[in-house]
Amino acid sequence: MQSFSDWFVRVCNSVSVSTLHMVVMIVWTLWENRNAMVWKQKRCPPHVVIRLVKSLLQDWEAARSCKELAVNVPVCIQWKKLPIESFKLNVDAALFIHQAMRVGSVLKGGNDEFIAARQ
């Protein structure tokens with residue numbers, strides 16, 4: 001049995017760019033659906049998953065086709081400290097061509113104290 005990263009590299013090297021875009025949207029939507037089932041006990045019927053894939057791909061292609069971006073729109077983003085009773089989970093992943101995919105996470109509390117990490 002091959003790993004997901006092996007399969008993904010093989011797909012990347014064997015399909016057209018437009019097909020690869022579709023594959024990425026399918027994988028992303030399946031992952032989102034899987035998380036909804038595991039964490040929220042929500043099931044999504046296959047026809048809805050297909051509709052979500054098509055919609056996501058259309059939105060992504062529309063966003064990529066925009067030639068002009070609004071650059072003079074002021075944006076104020078200010079960091080806010082988490083409430084004491086909150087937790088913050090940072091997750092990162094990397095996909096290596098010749099190795100397996102790696103995922104790591106760090107959990108911090110509301111006082112920014114380290115709670116746990118996992119790789």
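Analyst: A crossing is left-handed if the near helix is turned anticlockwise from the far one by less than a right angle, and right-handed if clockwise. The model discussed here is predicted.

User: What is the handedness of the crossing of α1 and α2?
Analyst: The two helices meet through F4, W7, F8, V11 and C12 in α1 and L20, V23, V24 and V27 in α2. By the clockwise criterion, the crossing of α1 and α2 is right-handed.

User: Is α1 roughly parallel or roughly antiparallel to α2?
Analyst: The axes of α1 and α2 lie 10 Å apart, and the packing angle is about 155°. Angles over 145 degrees count as roughly antiparallel. Therefore α1 is, relative to α2, roughly antiparallel.

User: Which residues of helix α1 are buried?
Analyst: An α-helix has 3.6 residues a turn, so residues three or four places apart point the same way. In α1, which spans residues 4-12, the buried residues are S5, F8 and V11. They lie on the same side of α1 because their arc around the axis is only 125°. What covers them includes α2 (17-40), and the residues asked for are S5, F8 and V11.

User: How many disulfides does a search of the whole structure find?
Analyst: A disulfide is a covalent bond between the sulfur atoms of two cysteines. C12 is partly exposed at 30% relative accessible area, and C44 is partly exposed at 23%. The number of disulfides found in the whole structure is zero.

How values were computed. Residues are numbered from 1 along each chain as its sequence is written. This is a predicted model: local features need pLDDT of at least 70, side-chain atom pairs count only at pLDDT 80 or more; totals for chains, interfaces and linings use all residues. Side-chain values use heavy atoms; hydrogens and water are left out. Buried means under 20% relative accessible area, exposed over 50%, partly exposed in between (1.4 Å probe, protein chains only). Helices (H or I, at least four residues) and strands (E, at least two) are DSSP runs, numbered from the N terminus. The arc is that of the directions from the helix axis to the C-beta atoms. Contact means heavy atoms within 4.5 Å. A disulfide is a pair of cysteine sulfur atoms within 2.5 Å. Axes are lines fitted to C-alpha atoms, for helices over the stretch in contact, and angles run from 0 to 180 degrees between N-to-C directions. Angles under 35 degrees count as roughly parallel, over 145 as roughly antiparallel, 65 to 115 as roughly perpendicular and the rest as oblique.
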